[in-house]
Amino acid sequence: MTTNASRKLFLNLPVRDLKRSIAFFTKLGFSFNPQFTDDNATCMIVSEEAFVMLLVEARFRDFTKKQICDTRTQTEGIFAVSAASRDEVDSLVRAALAAGGTHASDPVDHGFMYGWSFHDLDGHHWEVIYMDPSAIAQ
């Protein structure tokens, strides 16, 4: 396996109400691939290389033998998405909260990296981060 090859990422997440989730993420500026959208699933486009498959819980169960995590009481992971600036971090998290998401943590400023996080309508934990490229080089 080569480590420097560009790869696409497909994250699969269970959702309780697909239409509601699509409306939520649309308010955050994401779009969806209609070729991979039906009553049970949609493909949210994060970038040319990253996608989130939102699957109704019954469809999600087709891909696993394990229990689906109850995100009201447990964290299955923290899904980080980059932003182009600190202002975009704040704007995206504020949009998520206005669209019905909930507060996950306060903003964190490490100087070279700034982040803030929220829970989506299904309790999935999203972190929005900005990393200052000039500070990273130092």
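Predicted model: local features only at pLDDT ≥ 70, side-chain atom pairs only at ≥ 80, totals over all residues.
Local features were taken at pLDDT of at least 70 and side-chain atom pairs only at pLDDT 80 or more, while totals for chains, interfaces and linings use all residues. Residues are numbered from 1 along each chain as its sequence is written, and side-chain values rest on heavy atoms, with hydrogens and water left out.

Helices (H or I, at least four residues) and strands (E, at least two) are DSSP runs, numbered from the N terminus. Strands are taken to pair if DSSP finds at least two bridges between them. Strand 2 runs antiparallel to strand 3 (residues 41-45), and three bridges join them. Ser31 has Ile45 in strand 3 as its bridge partner.

Strand 7 (residues 113-119) pairs with strand 6 and with strand 8. Its pairing with strand 6 (residues 102-109) is antiparallel, over five bridges. Asp109 is bridged to Tyr114 of strand 7. These two strands form a hairpin with three residues between them. In that turn, Gly111 has a positive phi of about 85 degrees. Strand 7 also pairs with strand 8 (residues 125-131) in the antiparallel sense, here over seven bridges. Tyr114 has Tyr130 as its bridge partner in strand 8. This second hairpin has five residues between its strands, and Gly123 in the turn has a positive phi of about 85 degrees. Residues count as buried under 20% relative accessible area, exposed over 50% and partly exposed in between (1.4 Å probe, protein chains only). Five of the seven residues of strand 7 are buried, so this strand is largely enclosed by the rest of the structure.

A nonpolar core is a set of buried Ala, Val, Leu, Ile, Met, Phe, Trp, Tyr and Cys residues joined through side-chain atoms within 4.5 Å. The largest such core holds 27 residues. Phe24, Phe25, Leu28, Leu54, Phe118, Trp126 and Val128 touch the most other members. Two or more residues come from each of strand 1, helix 1 (18-27), strand 4 (50-56), strand 5 (78-82), helix 3 (86-98), strand 7 and strand 8. Helix 3 gives the largest share, four residues. Contacts (heavy atoms within 4.5 Å) of Phe118 include Phe24, Leu28, Val93, Leu97, Trp126 and Val128, not counting residues up to four places away in sequence. A second, separate core has seven residues, among them Phe51, Met53, Leu55 and Ile68.

Rings of Phe, Tyr and Trp (its six-membered ring) pair if their centres lie within 6.5 Å; planes under 30 degrees apart count as stacked, over 60 as edge-to-face and the rest as tilted. Phe25 and Phe30 are edge-to-face, at 6.2 Å centre to centre and 75 degrees between the planes. Phe25 is buried at 2% relative accessibility, and Phe30 is buried at 15%. Phe79 and Trp126 have ring centres 5.6 Å apart and planes at 55 degrees, so this pair is tilted. The pair links distant parts of the chain, strand 5 and strand 8, 47 residues apart. Both Phe79 and Trp126 are buried. Ring pairs link Phe24, Phe25, Phe30, Phe79, Phe118 and Trp126 into a cluster.
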